Every structure is written in C-alpha cells, then in structure tokens.
Amino acid sequence: MSATATQASPAPPGELDSFQYDDDIVRKFTLATLLWGFVGMLVGVLIALQLAAPQLNFSETFIGKYLSFGRLRPLHTNAVIFAFAGNGIFAAVYYSSQRLLKARMFSDRLSRVHFWGWQAIIVAAAVTLPLGITQSKEYAELEWPIDIAVVLVWAVFAINFFGTIAKRRERHLYVALWFYIATIVAIAVLYILNNLHLPVSWSGTKSYSVYAGVQDAFMQWWYGHNAVAFFLTTPFLGLMYYFVPKAAGRPVYSYKLSILHFWSLVFVYIWAGPHHLHYTAIPAWMSTLGMLFSLMLWMPSWGGMINGLLTLRGCWHKVSEDPILKFFVVGLTFYGMATFEGPMLSIKVLNSLSHYTDWTIAHVHAGALGWNGFMTFGMIYWLAPRIFQAPLHSQKLATTHFWIGTVGILLYIVPIYAAGLTQGLMWRAFDANGTLMYGDFLETVVRLRPLYWARVFAGVLYISGMALCAYNVVRTMLARPATYDQPVVQAAPLSPVFTGRDPQIVTPGGMSDWGGRFHRLASGGWHRAWERKPLKFTVYVTFAVVLASAFEIIPTFAIKSNIPTIASVMPYTPLEVEGRDIYVSEGCYNCHSQMIRPMRHETERYGEYSKAGEFIYDRPFQWGSRRIGPDLARIGQSNSSVSWHVRHFNRPDDTSPGSIMPGYPFLLAELTDFEGIQPKIAALAKLGTPYDAELTDAADMARAQADELFERLVAEDASYAQSGLEDKRVMALTAYLLRMGTDITKPAPVEGSARLEPAGGANDEVAGSH
C-alpha cells in the first residue's frame, strides 16, 4: 500500500511575506550574559578565597554578615546559572528561533518585558541573598515574591516563543527547537512544583515549604537534578545543534541520532534526581530507581556529544585555526566527560565515597565551566560580528581566552578532585585498633587548604579569560556602524492545507503495509510528522516529563510507609523555630549537613544514623550536599554546652583552632524579634504542625526558653552575667542547635499529655527505609 503526502502548492512569485529579524533583543541578552557572567565568577573567586584565607570573611566589619560564605555561595550559583547561563540561553533562543522559523518574534514588547523582567529578577536575587532572605534549597533559594516573578517572566517567554512558532513560515521544526520546547515545558513544571511555599505574611518575604523532611528532600532533588537537565543541558544542546553546524559549515551528523537522544533525555533524565540522596532517609526503592535511570542516562547524553563532534567530520582542520570551533569542541568534550561521570557517581558504592565531598564540586564545575561556559563563549564569538555588524575585534584575543580558560578549568578540577578524594578517604579511615584515624574533623579541613589555594588561582585564570571575552566583544560593538543595517527577509507564508506527512518520506511502491510502517519508523517519517505539528509535539514532551515525574512523586506522598514516623519526635518550640530560621538565613546548610548515613565511619564520628521520622517537622529540610564542616544531625547530643556555642559563633577559632568558619559576632548584638515568631507558628500550624498553646503564647514561650538558656550560659561561664545575651539572636540559634538530634533519646508522650503523637501516627521507625 503506497502513501502519498498532499501539500499546498508553493506560493506564486510576488506573494512572499517581507519581514525583519529582531537582533536588538539578541544584543541585549548577549551583553547581559557578559556582565552577569563576570559578576557571578567574581563572587565565586571571593568565596574560594574565603575558604583558602578565612580572614577574608570580613567577620569583624559591619558588612561582614552580608559577605559571609553562607550568604555569598548561593549568590554565586544563582548568578552563574540563571544570570550568565540564563541570559546566554535566551540570546541563543532569540537569534536561532527567528531564523529557524523564518519569523520575527511574536511580540517585540514581550521580548523587552522578558529581558528587563529577567534582569530585575537577577538584581532582586543579588540584593536578597546577601541579606539572608532565602528558602535554602540549592538552585531554588529565591523567596516566594521572586519565585512568582520568575514564573510570570517565564510565562512571557513561553508565550513569545510559542507565538513565534504559531506564525512561522518554516513548517518543519528543526532539532534545536525541540530542545527549546523541552526546556520551556520542563522548567515550568519543575520550578512551580518545587517552590510551593506558604508565606508567613503577604507583606514579608519569609515562607515555609508545603513539603517537609523526606518529601521536601525528594522534591528538591527532583528539581535540582533536573534544573541541571533542563536549564544547563537541553537548551545548550539546542544551542549546539544550531551554532556548531553554522560555525563548521557542515550539516548535523545524524538526524536519527538526534531523535533517539532527544526523547531518551526527556524521559530518562527526570527520574534520576534521587541519586543525590543515596544512603539518606529516603526509601531504598527511590534511591535505587534514581541510580538505575542515571546509569541509563549515560548513552543518550553521549548521543548528543557524538552528534555534535561528528558534525565536524571533514573539517577538523578548521579547529586548529578557528577559536570558535575550539570552544565548541572542548565544550562538547567536557559535556561527554561530565555526563559519563554523573552516572558513575550515581552508583551507590562510589557515591558513598564521593557524596558530601569536594569531588561533587569538581564534577559540577567541570560541566559548568567546560560545557556551559565554553559553549556560551563560542556562541558569543560567533554572534558578535553578526549582531554588531563589525568584524570581531581580535581573533588572537579569542584564542588567548580559549587557552587561558582551558588551563583554568584543568587547574580547578584536578586539585578539587584530589580534595574530594582526600576528604572521603580521611573520613572513613580506621587505625589498627578500629578507631577513627582522623577523629577531629578539622584535620581534613587543614589538609585541604593548599588545594583551595590552587582553586583560587584557577578561578582567577578563568575569570581573566571572561574579561578578555567581554573586552573583545565591547571593542567589536564600538566598531559597529552608526545605524545597523536591517535586511528585509522574504519567505512564503504557511499554507493552512497540510496533512502532516512529509512528501520526502513516502512508502516505496509495492511495499506491504507492514513493510511501509517499518520503513517510516526506520527513516524517521513518524517523527517528521510530529515536527510539523508543534502543539502535538509539545503535548508529547509534557506527557513524558509529567508521567516520569508522577511515577516517583505519587508513591512518595501517597504511601504512608515510605515516611514512617517516630512517636518521640515533637514540633520545634517557638524559640527553636526562630533559631532554625536564623540557621537557614545564614546559609549554614552550605557547609554543614544534617544527615548521618548508616555507615560505620559516620556513626562512629557523629552518632546514630538519621531516620526519616526525625524530619517530619523540618520545613525546609536541611540535609545539605557538602561538608566543609562536620555533620550537625546529633550536635544536641554531642555538645550541650551553651557557652561553647556562644563562643563558637563569636570567634570560631576560640573553640576550634584552624577552623575556616566565619565569625558571627553580630548574632551576639542583634535582638531577637520575639513578636515576629507568632505568625511563623501560625503558618507552620496551617501546614499541619500540631501546635497548641504556641498558637497564642509563642512570644512569651520563646522569651521564657531564652531566659532559661541564658541562666545555663551564666552557670557555665559567669563572665556572661552582664552580657545581656538573653534577648539576642544567638540564644535562638543555640536553642535550635541544642535540640538537634535529641528527640530520639526521649520517651514517647503518653496518651492524654499536652501533645499527642505527631501528624501521621506514632509508628516505630522502619529500618528498611534505608
């Protein structure tokens, strides 16, 4: 049975549409990429210096609290991901989409709203994060008002992009557009679901996650891993599919491979998040599932790398001469390395060594600096002469940037890989007597200082290359003509009459029906039809993302046994709630974890391993992903001295010689906002925390507990008698630390007591959850 494709005849001569591309918006996003890239990397160099030279924490200055590592680290990650990479993505999308669709963007006004809205969000992040206004979730630190702005601006971007597709003059959707569609859809789903928070008040910035403990941890890393997937991978693959063939002057190596690795990535990537939580309190099935899908992810990821590198077949001689191709080749190579190492690190045995160490930091930066950074630089060098309509100022400077950047990446990742391996091995080392060889955590910190200095040098090299790029592009811009030439493009409008079949892919005559179907499957004809129906294509992408997510999310929330409770675990007191909020605000989670894994070296060092039921009132969870300092899950058991904590916050060196932790002397001077605790308790109660008297007397209860702690402080060290610390914030933070990990040592409340069982029942912890 033969099949034919019907399509309207081409438009007769004289009936072509005339239009112009909007390159002004591309120029705006390109310049913003350079500006925010330099700012984000500069903050990165500063916090690297703070780890190598702790005196640069500025603890004794009035601005010290705003420049501490805990507050600046999320500023660095957000600036590099959403400001540098984000603006680079938008520059790529706005330039390539117009040409691939043969249409000006749907709305110039929406393009400008998108640009200025995104820059306003970046500025808001740059202000709020150093102020300690944070949700404390990695890559999702921004508080609820900014989250709403992100969603609205993303919606503007989506409307503009899909509106352009709707008015396109090229019926076929090229592969780069598939990745842009996946990015827009997946990020919308991920960002909204992970950032469901209840504001404490509509006039403030503080909020609490609607998820708690294990569920919050799962949602965060479902988002966190897939933010890497759909913000730092899929749009950059779209960028690769457009700009690498353009720079090389060659077609993409394999259309079929692009189909295979696109759909594999979209469906498989979304499952892999739980591999960030191996050996934690999440259910074992979830951890194993994340590992299996992470391992499967290796092949589709390499499909993209292979397709990009083999696009250069027949023109490798150009790589030695063209700095743009150099950036693209090394960028793709680092993508291949990172996407091999990621699945490898998801294997539980290896993850038990690498997790919480600097190994993860090296892995992330290999991808960010090599893949995202170099692909962005290559694109900018290719774009600059075209959008500024002047020759690139200096090819030699671009080549110099390439070599400085490459050396910078290598000098960064090699010592930090060594640091991670050193940490992991030292933490688990036992001597001949079966005791920890390095029982003092600070021994590992001191050992790593030289390697941290190597990272500083590498960071300076990389940002120097960034500065060269900015200089080169600005000089190119200054050489632009007085008035930009805006060429008129002509293209035939789409005909409304179309069956959806590609006339180039038909069933050969005489072939059976089954043979014809096989031929269409093998040739990609089925996919060609999807590519000409963007609504159907988008629905399929959305279905893949939502379906894969639902298979993990629904059991996590619906099956009670996944989150067993412990009867003795009670809600935090009002003062402890305030102290926990200070802990979150200061970014303590950036250095300390609160999750003891069921491994001998961890239980020997920190105490009994952590259990899911301990975290049912933790909004947000604080398990951390890195240990620059020791784990704090059982700190309330191992160190109950009030005076030690007060001294430690004032000057960490007083209690821990060699510590690189910044001081927090301002906590001993700033007053606790006792009256502000009441609305926090009300918000937590709305989310299900079983409070009683706290609903009306939170402030008085907090003051009473602070007075009690102060009396303990004076009893331990009489020199604090006239310090007036009873109403200072350090008391609230100390109250939280003294509470940590102590609930499992208490007897369960008896029926008829003031508080009954925690929400969800009083089941014994199920060890099998590990």
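This note comments on helix packing and cysteines in a predicted model.

1. Basis. The model is predicted, so local features need pLDDT of at least 70 and side-chain atom pairs count only at pLDDT 80 or more, while totals for chains, interfaces and linings use all residues. Residues are numbered from 1 along each chain as its sequence is written, and side-chain values use heavy atoms, with hydrogens and water left out.

2. Helices α3 and α4. Helices (H or I, at least four residues) and strands (E, at least two) are DSSP runs numbered from the N terminus. The axes of α3 (residues 108-128) and α4 (residues 144-166) come within 9 Å and cross at roughly 160°; axes are lines fitted to C-alpha atoms, for helices over the stretch in contact, and angles run from 0 to 180 degrees between N-to-C directions. The two helices are therefore roughly antiparallel (over 145 degrees; under 35 counts as roughly parallel, 65 to 115 as roughly perpendicular and the rest as oblique). Their crossing is left-handed, that is, the near helix is turned anticlockwise from the far one by less than a right angle, clockwise being right-handed.

3. The α3–α4 contact. Contact means heavy atoms within 4.5 Å. The contact residues divide into 14 nonpolar, 5 polar and no charged (Ala, Val, Leu, Ile, Met, Phe, Trp, Tyr, Cys and Pro count as nonpolar, Asp, Glu, Lys and Arg as charged, and the others, Gly among them, as polar).

4. Helices α1 and α3. The axes of α1 (residues 24-52) and α3 come within 10 Å and cross at roughly 10°, which makes the pair roughly parallel. This crossing is also left-handed. Contributors include Asp24, Lys28, Phe29 and Trp36 of α1, together with Arg112, Phe115, Trp116 and Gln119 of α3. Here the division is 8 nonpolar, 3 polar and 3 charged.

5. Helix α23. The buried residues of α23 (residues 677-686) are Ile677, Gln678, Lys680, Ile681, Ala683 and Leu684; buried means under 20% relative accessible area, exposed over 50% and partly exposed in between (1.4 Å probe, protein chains only). These residues pack against β2 (197-199), β3 (207-209), α18 (574-585) and α24 (694-716). Gly688, with a positive phi near 110°, follows α23.

6. Cysteines. A search of the whole structure finds 0 disulfides, a disulfide being a pair of cysteine sulfur atoms within 2.5 Å. For Cys588, the nearest cysteine sulfur, that of Cys591, is 8.1 Å away. Cys588 counts as buried at 12% relative accessibility, and Cys315 is buried at 2% relative accessible area.
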